Amino acid sequence: MSLSGLIEQHVRTRPEATAVIHPSAGGRDVSLTYRELSVAANRLAAHLRALGVGPGDRVVTALGPGPGLVTAFLAVVRAGAAYVPVDPAHPGLRRRLIVRDSAARAVLTEGSGAGEYAGLDAVAVDLDADAGLIAARPGVLPAVRPGPGDAAYVCYTSGTTGTPKGVVVPHRAVLDLVTSTDYVRLTPDDVVAQAANPAFDAVTFEIWSTLAAGARLVGLAKDTVVDPARFAAAVREHGVSTVFLTTALFHQIARERPDAFAPLRTVLFGGEACDPRRVRQVLAAGGPERQLHVYGPTETTTFATWHEVTGVAKDARTVPIGRPLGATVAVVVTADGRPAAPGGSGELLLGGPGLATGYLDRPELTAQRFVEDRFTSGGGRLYRTGDLVRLREDGEMEFTGRVDNQIKLRGFRIELGEIESVLTAHPAVSEAVVSVHTTPENTANTANTESTESTESAESAENAAGGERRLVAHVVPAAHRAAARESEQLTEWKEIYETLYDDAAGAAYGENFAGWNSSYDARPIPLEQMRQWRAATVERIRELGGRRVLEIGVGTGLLMAELAGAPECEEYWATDFSASVIEALRAQTGADERLRGKVRLSCRAADDLDGLPAGHFDTVVVNSVVQYFPHLAYLRSVVEGVLPLLAPGGSVLLGDVRNLDLAPCLQTGVELASRAGQPRPGDGADVWRAVEQRVALETELLLSPALFAAWARELPAVRAVDVRVKRGGAHNELTRYRYEAVLSTAAPALDLSPAPRLVWGRDAASPVGVEAYLRTRRPAAVRLAAVPNRRVHGEWTAMRALRDGAAGLARRRGPAGRRRERARPGGAVRGRGARRLPGPADLVGRGGPAPRHRLRRPGAGARRSPDRCVRRARGARRGVRQHADRVREHRRHRGRPARLSAGAVAGLHDPVGAGDAGGAAAERQRQGGPCGAARARVQRRPARHAARHPASGDRP
């Protein structure tokens with residue numbers, strides 16, 4: 001029976017059963033029955049045959065997940081050719097390389113992708129543009145019948161030389177995978193998730209095993225799979241019974257939502273080393289009916305071994321990869337070339353009907369990796385996996401490492417894992433990675449080089465050839481060290497701000513906007529725009545209630561100057577870390593009769609709330625301060641601390657929060673601005689690398705808007721949450737990339753969970769259409785989704801173009817001018833903040849009078865775990881050197897031989913250097929990076945990237 005024949009059985013017996021269903025961008029599912037899938041594949045196969053595609057040819061499928069991909073796979077097979085899957089999101093250079101290397105006869109694309117393959121020998125087929133022509137082809141089953149040894153597909157994997165290599169997988173190998181029922185038994189009643197990347201060989205199992213069983217294939221979007229909460233909801237919504245996940249994804253979901261797997265019948269996971277703790281979490285949460293740990297390189301057609309997990313011992317260090325799947329042959333070979341006895345270890349060799357035929361047009365590499373079977377009576381060939389395993393007494397295997405995990409240094413063979421184990425045994429180290437680096441010639445610092453047991457001539461030649469090879473240990477400090485680092489960081493901030501605000505008394509009260517500089521050109525943001533920014537914030541606070549206000553991080557008093565003197569304000573409490581600024585504000589407010597007895601100032605950190613009255617304040621303001629907090633836990637402690645200070649119905653306003661979801665978009669604009677006017681601004685790839693570096697080196701705390709809805713669900717005192725884009729007519733980084741969040745103890749004004757959802761461009765295309773909808777339908781509430789955000793649209797477009805590999809981009813910025821923010825046709829439409837997809841925004845409309853605040857209850861909207869809503873600020877590195885010294889001392893006291901000693905110890909994010917030379921290099925890199933110039937400016941004024949204290953407010 002062929003692959004095509006297995007599927008055609010279900011076409012004849014269950015033609016109207018759903019074969020594949022996938023969510024579309026518009027929110028509607030797209031599906032094909034088995035009959036529709038077969039006919040569509042037959043027509044596409046006929047189209048390919050008309051273009052000259054036949055047996056022995058290869059067709060590249062540059063398609064994203066969906067019914068089109070499944071149709072293409074089946075069509076290529078029925079045309080007698082082999083499909084070559086590539087991810088259309090991968091760089092164009094890689095995709096073109098694969099087309100050339102595979103000598104593809106055709107490339108299947110969608111949309112405008114066909115033009116990317118111009119100039120190649122392959123025929124580019126645009127499935128969208130050619131849809132009419134394909135539909136006119138005959139829908140009868142082609143007469144071509146591929147043989148078992150003919151190639152079904154070619155999967156490209158990374159090569160050791162940097163050039164991808166194509167693994168040729170024959171039909172017999174795929175048939176062996178889908179018909180092996182000892183590890184998984186799919187039936188027509190099963191619903192299998194299609195979650196893998198189209199270029200990942202896991203799609204072989206997902207697609208062919210599902211269709212061969214007559215089951216239903218359900219696509220899960222990438223954003224769904226990587227979000228544990230959304231994954232759990234999708235499993236229940238679609239009735240998924242079987243799913244394969246990479247071990248990393250399995251770990252993530254198990255850590256955050258271990259009960260997400262409970263509704264499933266079978267969960268398969270594999271691809272890398274498994275953490276037994278995560279498996280235990282899943283089992284403790286109920287677990288699926290069957291939990292399978294699978295293993296297999298691409299050369300053995302997705303899976304080669306499997307182990308059903310029913311329990312994990314407390315002292316287990318790994319989870320077995322199990323026994324051979326189906327007719328797979330597994331041999332463990334010792335270093336001397338003999339089969340390992342039970343209890344022994346060695347390299348794993350695999351063979352059997354699931355074996356690939358080799359590497360496409362790489363005979364020498366094929367001969368090296370696919371060797372003659374000298375160990376079994378079956379003959380044939382075995383694939384050398386390069387993986388080391390231990391053969392247990394019960395016949396199961398455990399993965400232990402790689403054959404090439406050994407290194408040879410100064411004449412000694414060294415296991416890096418052994419050194420890593422010693423490092424992680426130190427209480428100050430949570431993770432460690434050891435690697436080998438060669439120091440530049442004549443710059444090796446020998447102070448940390450310990451004498452070895454041997455000084456072979458090879459070592460001398462090695463050093464003479466251009467430097468010394470040394471072991472470098474990269475370590476991540478343990479969690480308990482965070483408190484000490486935080487204390488050091490707070491001390492640094494205090495020293496800085498005592499200096500920065502020495503002259504605060506000399507500025508006019510409420511008019512000190514010093515330090516609010518643009519990230520684009522480092523110039524001060526225009527005063528008119530800053531006053532608009534303040535006016536919008538003041539209006540928001542007054543909406544929440546300005547009778548009794550507590551402001552944490554008052555700074556130079558920009559907000560207090562507008563709020564405290566108002567007739568409705570009875571009390572204004574304000575705190576700040578800087579003694580200088582508090583002293584200056586006391587002098588300024590003391591001279592104003594309106595503020596005497598009304599304003600109460602104190603010098604304290606943001607999380608120091610001792611002595612503040614409980615149940616007293618209408619509004620607590622934490623504005624333009626959050627981004628300088630050292631970490632998310634610090635912010636959480638502040639929020640939890642101020643909630644009891646609120647009067648009944650009071651609110652906490654967290655203002656001017658920097659948007660994590662839009663960070664790449666902002667840094668794109670900043671990078672393009674920095675290159676404006678340069679004679680050689682660089683190509684797209686160069687610009688995008690610089691953007692990624694800016695994002696990675698971010699020094700401030702960035703938060704996703706989704707964080708506050710997540711917190712609102714966790715904090716019992718919070719009854720409503722409201723997250724909005726920053727108001728303002730000017731288009732600058734404050735209105736583009738910052739937002740405000742309100743956590744309220746009052747009853748929510750609006751429940752959005754039952755509200756209808758309109759998609760911009762599909763259900764409504766203009767403000768007039770929205771107004772008409774509100775007037776005629778008069779809904780209690782409505783969601784208007786995916787509205788293009790004019791403020792960031794230009795930079796968002798440029799970012800996507802750079803990310804997708806565009807070159808030679810000129811700067812594209814959003815249009816200047818004002819934006820109509822609210823439409824009130826007897827009702828309201830209000831900005832609700834950026835979605836996770838940064839470009840468009842969501843608006844919330846309410847028929848009837850516009851609520852002043854507290855738009856929605858915490859349960860409304862998409863859910864996202866708090867730890868996925870934050871980018872940790874990169875703190876000061878003052879203690880890294882001392883930390884490294886402690887680790888070195890621990891290494892010596894553990895009695896490690898000199899040859900097992902790391903010559904240098906660095907933080908995982910630090911550049912590698914040797915001794916003081918490395919420290920200097922690290923400092924040069926930091927000063928020369930995106931934050932270097934701003935850090936230098938801190939000596940003159942509080943620039944945007946200067947280190948700031950978490951209790952010092954009114955700062956950009």
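**Figure 1. The salt bridge between E570 and R547.** The side chains of E570 and R547 meet in a salt bridge with an N to O distance of 3.2 Å; the term stands for a side-chain nitrogen of Lys or Arg within 4 Å of a carboxyl oxygen of Asp or Glu. E570 lies in the loop between α17 (560–563) and β27 (571–576) and R547 in the loop between α16 and β26 (548–552), so the pair ties together parts that are 23 residues apart in sequence. Helices (H or I, at least four residues) and strands (E, at least two) are DSSP runs, numbered from the N terminus. E570 is partly exposed at 41% relative accessible area, and R547 is partly exposed at 36%. Buried means under 20% relative accessible area, exposed over 50% and partly exposed in between (1.4 Å probe, protein chains only). Please keep in mind that this is a predicted model, in which local features need pLDDT of at least 70 and side-chain atom pairs count only at pLDDT 80 or more, while totals for chains, interfaces and linings use all residues. Residues are numbered from 1 along each chain as its sequence is written, and side-chain values use heavy atoms, with hydrogens and water left out.

**Figure 2. R531 of helix α16 paired with E511.** Here the salt bridge has an N to O distance of 2.9 Å. R531 sits in helix α16 (residues 527–544) and E511 in the loop between α15 (481–500) and α16, so the contact ties together parts that are 20 residues apart in sequence. R531 is partly exposed, with 40% relative accessibility, and E511 is partly exposed too, with 32%.

Figure 3. The closest N and O atoms of the E396–R323 salt bridge are 3.6 Å apart. E396 belongs to the loop between β20 (381–391) and β21 (397–402) and R323 to strand β15 (residues 323–324), so parts 73 residues apart in sequence are tied together. E396 is buried at 11% relative accessibility, whereas R323 is partly exposed at 40%. For context, a search of the whole structure finds 41 salt bridges.

**Figure 4. A salt-bridge network that includes D656.** R540, E543, D656, D722, R724, K726, R738 and E740 are linked in a network of salt bridges. D656 is in strand β30 (residues 646–658) and is buried, with a relative accessible area of 0%. Its backbone deserves a look as well: phi of D656 is near 60 degrees, a positive value in a residue other than glycine.

Figure 5. E299 is found in the loop between β13 (290–295) and β14 (305–308).

**Figure 6. A positive phi at A103.** A103 is not a glycine, yet has a positive phi of about 50 degrees. A103 is placed in the loop between α4 (92–101) and β5 (106–109), and is exposed at 52% relative accessibility.
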